[in-house]
Amino acid sequence: MGTTAAAETEGRGEAVGEEDGAILQLLDSLDGYISLMGSLSSSLRQGWLELSSARHSMGNSRISSTLFDMKPHSSATTVDLTVSTGESPSHDADQAMQPHFSLLKWGSRGDEKSPSVEVDGKTPSQASSCSGRTSCGLLLLKTDDSDEGGISATIYPAVAADNQVRKKRSKALSMFGALVPPKLRVAQGSFETSLEAIIEIANTRSTILSALGRLQTVDLRS
Amino acid sequence: MANRVQIPTNNSALIAMIADEDTVTGFLLAGVGNVDLRRNTNYLIVDSKTTVKAIEDAFKEFTTREDIAIVLISQYVANMIRFLVDSYNKAVPAILEIPSKDHPYDPAHDSVLSRVRYLFSSESVSSGRR
């Protein structure tokens, strides 16, 4: 009888702890969500202003939806999606999924601020201290098969990668003509920034929904 | 963490948009536009002539397509189909309500924040009963 009561108390304590954890996570995520919405509003406002300036200099008919490219083409900027199942089971399978979004801006990861090493057959810690995918170059370190353990480095200047991105950017602008005002390019940059905020908001949203799911599960159990 | 399983989808998914012309133009400049072989786009431009039915149809289409990961919808457009947006509860595609030029973002109408408010209001009711 005594052990049953103790077990019940322990169980209740665990549930309270789990609920507290979920509430904290939820409140943190909510705060992040609202801040990110503020950033998004700011970058969108900037973009609309620059777009209006470009329209003012080019003329209304030069920047309009009638000029959108309607030929079949795939999106240059996409989203990479990874889905993980939640930590605790939920009554709703969709709530148990926690997707993680990453932006592939112009076909490359937009969040690569610091370079990272790609090493053939070696972990990054075993590789050189220099890291890989930079705006200046892609560094590949390969170990020789011989016992001497020599490392040959092949550097592929990512000028080619930068050129690809530049071409895709220009292609997006070209639907409004070959020569576009600088304001339109700046507007393009503002909307790219907005996309980054959107991805963060999407990830925060999935954290919020996951925390909500956990809270509802704890609530049902108690 | 034993239950956490990463499922890499290995898919580049699209961002869909239901918004005004300037917002759609801006995001098309950022490379988000996609047109398939049947000339179906991943966006709907909402103007004064766009009907609520067209917005509903676009929302239903974008939320059921498997190649779309995020649906951006201007909040004032979401308000026109609020019932549909609030009853949507899937994790993917993520529905994000964004501000528009003439309608700033209002947290009171956001469907995610509404869900949190509902949970806390029902929790406070149930804790009051205890």
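Why is helix H1 (residues 21–29) of chain B largely enclosed by the rest of the structure? Because 8 of its 9 residues are buried, where buried means under 20% relative accessible area with a 1.4 Å probe, protein chains only. Those buried residues include Asp22(B), Phe27(B) and Leu29(B). Helices here are DSSP runs of H or I, at least four residues, and strands are E runs of at least two, numbered from the N terminus.

A quick word on ground rules: this is a predicted model, with local features needing pLDDT of at least 70 and side-chain atom pairs pLDDT 80 or more, while totals for chains, interfaces and linings use all residues. Residues are numbered from 1 along each chain as written, chains are lettered from A and ligands numbered from 1 in written order, and side-chain values use heavy atoms, without hydrogens or water.

Back to H1(B). Just after the helix, Gly31(B) takes a positive phi of about 90°. The term needs a side-chain nitrogen of Lys or Arg within 4 Å of a carboxyl oxygen of Asp or Glu. The count between chain A and chain B is 1 salt bridge.

Now for the interface as a whole. Here 65 residues of chain A are in contact with 60 of chain B (heavy atoms within 4.5 Å).

Notes: Buried < 20%, exposed > 50% of the residue type's maximum accessible area, 1.4 Å probe, protein only.
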